[in-house]
Structures are given as structure tokens and as C-alpha cells.
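Here is a short note to read beside the model. It takes the sheet, then a helix pair, then a pocket.

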Amino acid sequence: MVFGDKVKQLSETIWEIDPSYKEGMRVPARIIGTEKLIREMDDAVIEQITNVATLPGLLRAAYCMPDGHSGYGFPIGGVAAMDAEKGVISPGGIGFDINCGMRLVRTDLTEAEVAPKLTELVDLLYTRVPAGVGSKGFVKLAPNEFKEVIAEGSQWCLKNGYAWPEDLALTEESGCIAGANPEKVSQKAIDRGLSQIGTLGSGNHYLEVQVVREGNIFDRKMAEAMGLFPNQVVVMFHCGSRGFGHQVATDYLQVFLEVMAAKYGIKILDRELACAPFRSPEGRDYFSAMKCGLNMSFANRQTILHRIRECFARIFGKSAEALGMRMIYDVAHNTAKLERHPIDGKSRELLVHRKGATRAFGPGHEALPERYQPYGQPVIIGGSMETGSYLLVGTEGAMKETFGSTAHGSGRTMSRTQARKQFRGDRLQKELRARGIYVRSASFAGLAEEAGPTYKDIDEVVDACERAGISRRVVKFAPIGNVKG
């Protein structure tokens, strides 16, 4: 990215692009990151985040997190808070994989106990948690049953034996966001989602066995409060609403393109920013359908957790309860939600779009589980399969600066096409095995796309978040086993 005279440094890690940068900008655009990270961002990021700043009803600023890179309309890492009465809702600000998110699960097992059985464990996880394009899960549903899933989310899983009661309390929105209306979802979307509960999918989705190294604990008090200890094995996984969410977004993009200018007179700089007034019939319908995507994804990750618990129980000859396989948290990073935030000293209801950005509410927020009230919301940051991942917590700084938001991952440095040209999946798998990381993948091409150098330095991204005051480090996890979508 090339800096111009309209990019102003507000602090060590906050950079602001003045509204005079582009005709139509209603508010500034702010990018969070060190100078090094921002200079490494592709030029499309600045183009996209300044386009977002032109959308009606946007308040304070359009934000891009330190892991930002270009996406569909909005950059990945984008945060946009709209006035709930006068603002718009845009599928491009949420992403096609509605409620793509992260789940972290602890165990009582140590690395020494898992290492002798790691290959057997990862092989079993690979067969029991389907990965790859078009993969199908073990849950067989009729269309009416699937509608129950997308209305109830993890509640449906609890009723059907795929969840523990405490799992729901440790999931954002308790695993079921209110207001989901299956009648606003197309039959095509339902058909695509029917067989996808309990599947990872493809792309950057994964399931990883990780270890807490002694030197990677940054806040021992918080780590202990979350049930973490040195040499412990944990499980982290990343997936979303699969083809169902993609179809919901596709359906409503078309609706918005038809009514946006003709009915509401909204002009945008990029058709990928297609939107509708949030309070319009079309906006309300999409919000209800999008919530079905949220619930489908919560149910998907919950069902995957059920399978993971089964696998560990079978390999280690103890129940999941006896192995201490309790959730730490589940958090979404592709959403739009109604939240209250201060604007000019007054609390207002806002529609907060987060696309590749994680909610990071600070200590004491009423939306947090009681056990995390003293510390802030757990934030799960997925890195590459070579470099590790992080557990952070939300802060008051995030509440003040970024509408309670932080990064969601490393952020890509190159396209998937370029990655396939530069790396070979079969060679990468052998190299990782030699370094003590056992990987199973649905395809070598997909594995090559996820090579470590295709992502930014996760340590730099997390450091930028902490220096910006929008989240704090608790623990870094090292990978030892991985199922790649």
C-alpha cells in the first residue's frame, strides 16, 4: 500500500484516511496496524475501505483490522457500524460464509499423553469430521427438520444429544440468535444445507490439535481461569455455514441489486457493496435469513464438537467428560448484529457489520458469560497450520475505538492461485511431518493454498492488536495435528 498525504497517523497503530480522499465518503476510514503491516496490505484494501465509508448511515469511521486484505466489496477485516434507523445492511459486509467462526476446546491431556497416539487420532478425526468441497455430514435431515436447525441453532443440538448444556453458555449468542426466520430462506439454500451439518468445508477451514507451551502463556491468571496449563492439548476449529450461508448471501445480493437504486435511490461505487435500508422490507428479510445462517453455523460447529469428543473418547478409552473436554468459547467473525455503543456521548442502537473481524467486548459486558466477566470476551485468532494460533481477550479499548472489534486471523499475503504455483501440497505435508505437525488434507492443492508464507506473521498481527489496545494476549497455541478442509 502506498501512503498519500491524506493518510494521517493518529497513533502508533491507528491510521486515518480523510473523507476528502474520495468523493462521497461520509466518514473517515481507519486502518489498525503497524506501519509494516499496513504497507504490506494490497492496494485494494484502501480502495475498498474508503468505498465502505460512502455507505449511508455509517457512523464514526469505516475500520479495517491489522489482518486486513481485499475481499468481496468490503475488505476482510472490515468493521462498519450503521445507524439502525437510517443505515443500510450489506451482505458484502458480512461475507458469503455467514458466521464463519472459531471454537476452542480444552482437554486434561498433555502432549506427552497424546503424542504416541497423534497419528491415529488425526486419522480418525479426518474420517469422522468430513472436509473438502461437497462433503456431507452424518446428520440426515428432512427439509422441515433443517428449518428447525436454522431457527434453533445449538439449542437443536442440545435437544438431539449433540451438546452439553454448558456448551451453549460458552457460545456467542448462546448458540441461537433470536429472530431467525426460515420462511425468508430460499428452497435452494435449504437444499444446499441439508447434508452439511457436521462438516468443515474447504478453503481455510480446519480442525487442529494444539499444545500450550510454557513460554507461550502471556497472562497466567487468565489462562488458569480458562482452564489452560503448560503442555496441555487443546482443539481449535474454524468453519461456518457452508453452502447454505453462501446461497442466502447470493439470493439477497440479487434482491438488493434490483431495489437499491430503483426503489431507494442508493448509489454505490462498487456493485459488490449492494445494500438496502436496514428497516426496509428487503433489509429486514435479509437480516432474518442471515440469522438462519448464524444458527446453521452454530449448529455445525456444535455437531463437529460432538464428533471430536467421540474421537478422543475412542482413542483414549475414556469419556469426553473424564478427559475434561470442555469448551472455552465459540466466536463468530462474519456477522451483522444490533448492538448498543456510545456515539457522541449517547448510547445508540447500531447495526455492526463484522467481516473477518471478531467481537471483542471488554470486561463486565452483559453479553459475556459470567465466568469471563472479570477478564473480557475470549477472542480466538486462527493462524496458519505452520505458525500457531492465539487466545486473546476483548478490552475497553476495543469498546471505545472499534465498536468492540478486533482481528480474526493472520490475513492472507497472496492469492490462492499464486499459492498453488509457489507451493506443492505433497511436499508441504512431508515437511510439516518432519517438524512434528501431522496433517491430513482433502486435497494437496488445498493444502498448498494454506502454506504458512501465504499468511501474514500472526505474531505481528496480534502484537498490533495489543498495541492498539483492542485486545490482549492470553496464550499462543502450537499445532501438532491438523485436518485441512
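1. An open sheet holds 7 strands in the order β1-β2-β3-β4-β5-β13-β12, and its pairing is mixed. Strands are DSSP runs (E, at least two residues), and helices are H or I runs of at least four, numbered from the N terminus. Two strands pair if DSSP finds at least two bridges between them. The edge strands, β1 (7–9) and β12, each pair on one side only.

2. This is a predicted model: local features need pLDDT of at least 70, side-chain atom pairs count only at pLDDT 80 or more, and totals for chains, interfaces and linings use all residues. Residues are numbered from 1 along each chain as its sequence is written, and side-chain values use heavy atoms, with hydrogens and water left out.

3. Strand β5 (residues 76–83) pairs with β13 (residues 346–355) in the antiparallel sense, over 6 bridges. Asp83 stands opposite Leu350 in β13.

4. How are α10 and α11 oriented to each other? Helix α10 (residues 242–259) packs on α11 (residues 281–316) at about 170 degrees, with axes 9 Å apart. Axes are lines fitted to C-alpha atoms, for helices over the stretch in contact; angles run from 0 to 180 degrees between N-to-C directions. The two helices are therefore roughly antiparallel (over 145 degrees).

5. Residues of α10 that meet α11 include Phe244, Tyr252 and Phe256. Contact means heavy atoms within 4.5 Å. Helix α11 also lies across β12 and β13, at about 115 degrees to β12.

6. Strand β12 (residues 334–343) gives the largest share of the second largest pocket's lining, 4 residues.

Terms used. Angles under 35 degrees count as roughly parallel, over 145 as roughly antiparallel, 65 to 115 as roughly perpendicular and the rest as oblique.
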